[in-house]
Structures are given as C-alpha cells and as structure tokens.
Amino acid sequence: MPAALTDLPPLLRELLDSGQFRDASGALQSIYANISTEEVLALYGLVRQLRPRATAEIGFALGVSGLAILGALEANGGDSRHYVCDPFQTTLVAGQGLAHVRRAGLDHRLQFFEKFPEEVFPTLPPLQFAFIDASHLFDLTLLDFILVDKRLETGGVVGFHDLWMPSLKKVVRYILANRAYRIHPASHAAGTPKAPSAYERLAASVKKILAALPHSNRLFAPEILQPWPGFRLGNMVFLEKLAPDTRDWRHHVAF
Ligand SMILES: C[S@@+](CC[C@H](N)C(=O)[O-])C[C@H]1O[C@@H](n2cnc3c(N)ncnc32)[C@H](O)[C@@H]1O
C-alpha cells in the first residue's frame with residue numbers, strides 16, 4: 001500500500017510542510033539538499049514493505065531521507081538499526097541532521113559515523129536496504145555502491161538519488177549492464193519522468209535505427225543504443241540485488 005503523509009514521523013512532516021528548520025541558534029532556515037516529499041513517501045513505503053533488519057545510508061545532511069528510513073523502521077517494529085555515514089555532518093550542517101533525529105525520538109535506531117563510507121562499511125552487518133545520496137561524483141558514487149553491494153544480501157535493495165545528473169545515470173547504467181540487479185518497481189512511485197519533447201522523440205527514433213545496424217555496439221556509445229528515457233525513471237531509483245557476484249574476470253559490458 002502506498003505511504004501517506006500521515007504515516008511519516010511528525011517532525012519529518014513538519015520539515016516537508018514548512019520547508020524550514022531551526023538551526024543551532026534557533027533561527028529559521030530553509031531546508032536544503034533533501035529528497036522531495038514524493039520521494040520521501042516512496043522511500044518510507046519501500047522500507048515498510050521490505051521490513052529490513054539493517055539499513056545503511058551515505059549522505060545525511062539535514063536527515064530528511066534518514067528520517068523517512070528511521071520512521072519506517074520504527075513503524076515496522078523489532079530491533080532494526082540504521083547505519084549512516086556522512087563525514088561532513090558538523091562542517092556542512094552543524095549537526096542539525098542528528099538534532100532532527102533526536103527531536104523525532106528515533107536516535108535509538110541510528111548508528112551515525114562522521115566518517116567516509118570506506119572506513120565504515122566493512123564493519124557493518126549484512127544489510128537489506130541502503131540509500132546513496134552523497135558526493136554525486138561518478139567514481140565516489142560507484143565506490144559507495146561497491147561498498148554497499150559487499151554488505152547487501154541477495155533480495156536487498158539500494159536506492160540512488162539525483163538521476164538528473166550524468167554521473168548518477170552512468171552509475172545506474174553500469175550496475176544494470178554489468179551486475180545482477182534490476183529496477184525495483186517502487187522506483188516508479190518515486191516520481192515519473194517528464195514526457196519527452198518532439199526533439200527527444202525524433203532522436204530516439206534515429207537511435208533505434210542506428211542500434212539496428214550491424215556491429216552497432218562497436219560503433220556507438222551505450223547512450224545512443226539505449227537512450228536514458230527508455231529506463232522510464234524519475235530522479236530516484238531503487239535497484240534490487242538478484243544474485244551474488246559471480247562474474248568471470250574478463251566480464252565487461254559497455255555502459
Ligand atoms: C544531498 S545531501 C543528502 C541529503 C539527504 N539525502 C536528505 O534527503 O536529507 C548530500 C550529503 O552527502 C554528504 N557527502 C558529500 N560527500 C560525501 C562523501 N564522499 N561520502 C559521504 N557523504 C558525503 C554531504 O555532507 C551531504 O550531507
């Protein structure tokens with residue numbers, strides 16, 4: 001069942017409704033860098049559905065996505081834990097993400113590391129869900145994915161935010177082309193792509209013709225052969241792990 005605003009922790013609702021938070025000095029500031037209300041509901045709904053025992057997150061900021069995950073874990077009950085890495089919680093947001101979790105009364109489920117994920121992930125327990133919204137650089141996001149994948153159980157799900165960015169699109173293309181993952185249907189609750197323009201429709205038709213040419217995969221970039229709109233994604237995706245990694249050492253699919 002899709003999540004409703006009334007399911008969310010009251011503080012998270014307040015942040016989303018007002019678009020503001022109180023900083024350490026008590027002054028009102030606009031919330032920033034966070035996922036949207038539609039994405040919060042999709043994230044909350046998926047964590048409710050998956051009922052994970054252990055979840056992880058890379059990139060916390062003011063804790064909007066974190067409160068969605070923590071709120072869903074709380075609603076699920078049991079003794080699940082959320083492990084979060086963000087090396088810039090103090091320098092970027094003066095600890096306000098953590099303050100929100102305390103105010104929401106959800107800190108008993110959180111283990112927070114003000115560290116880079118590569119220092120933390122090898123120590124985490126097996127995970128059933130993870131969410132990545134951190135550096136947004138291609139190589140560091142791929143590193144985040146690799147670290148998550150090493151802990152993620154088969155059947156587990158990893159989410160990525162900011163698919164408007166070429167770096168994030170490339171990471172998702174890599175995973176879908178090379179790893180045993182598929183797009184989880186909950187991705188489509190997280191926002192729909194905007195309808196393609198007349199130019200984009202024309203470009204897609206031309207690309208289809210090019211893809212049909214002999215040896216097209218040696219001649220054209222994957223972006224030409226499989227244009228991004230064909231993935232039918234909005235700004236957030238959830239990828240489900242289908243199997244452990246058993247690739248041959250020579251495996252490589254262009255992405
Ligand atoms: C877009 S914000 C995350 C917003 C959050 N998902 C939300 O909805 O409230 C990105 C966060 O990633 C963190 N970050 C940047 N580079 C990072 C890195 N290399 N590893 C981990 N976190 C990083 C930043 O400190 C920032 O808090």
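Is Arg-51 buried, partly exposed or exposed? Arg-51 is partly exposed, because its relative accessible area is 48%, and that class sits between buried (under 20% relative accessible area) and exposed (over 50%), judged with a 1.4 Å probe and protein chains only. Before we go on, a word about the model: it is predicted, so local features need pLDDT of at least 70 and side-chain atom pairs count only at pLDDT 80 or more, while totals for chains, interfaces and linings use all residues. Residues are numbered from 1 along each chain as its sequence is written, and side-chain values use heavy atoms, with hydrogens and water left out.

Let's step back to the whole chain. You can find eleven helices and nine strands in it; these are DSSP runs numbered from the N terminus, with helices (H or I) of at least four residues and strands (E) of at least two. The C-alpha trace spans about 65 × 40 × 35 Å along its principal axes. A compact globule of 255 residues would have a radius of gyration near 18 Å, and the chain agrees with its 19 Å. That radius is taken over C-alpha atoms, and the globule rule is 2.2 Å times the number of residues to the power 0.38.

How much of the chain is buried? Buried residues make up 46% of the 255. Contacts (heavy atoms within 4.5 Å) tell another part of the story: among those between residues at least 6 apart in sequence, 80% join residues at least 24 apart.

Now zoom in on His-100, which is found in helix α5, residues 96-103. His-100 counts as buried because its relative accessibility is 1%. Leaving aside residues up to four places away in sequence, His-100 touches Leu-11, Leu-15, Phe-21, Leu-62 and Leu-67.

Finally, let's look at two loops. Most residues other than glycine have a negative phi. Arg-51, in the loop between α2 (37-50) and β3 (54-58), has a positive phi near 50°. His-136 is not a glycine either, yet its phi is positive at about 70°. The loop that holds His-136 runs between β6 (127-132) and α7 (138-151). Is His-136 buried or exposed? His-136 counts as buried, because its relative accessibility is 17%.
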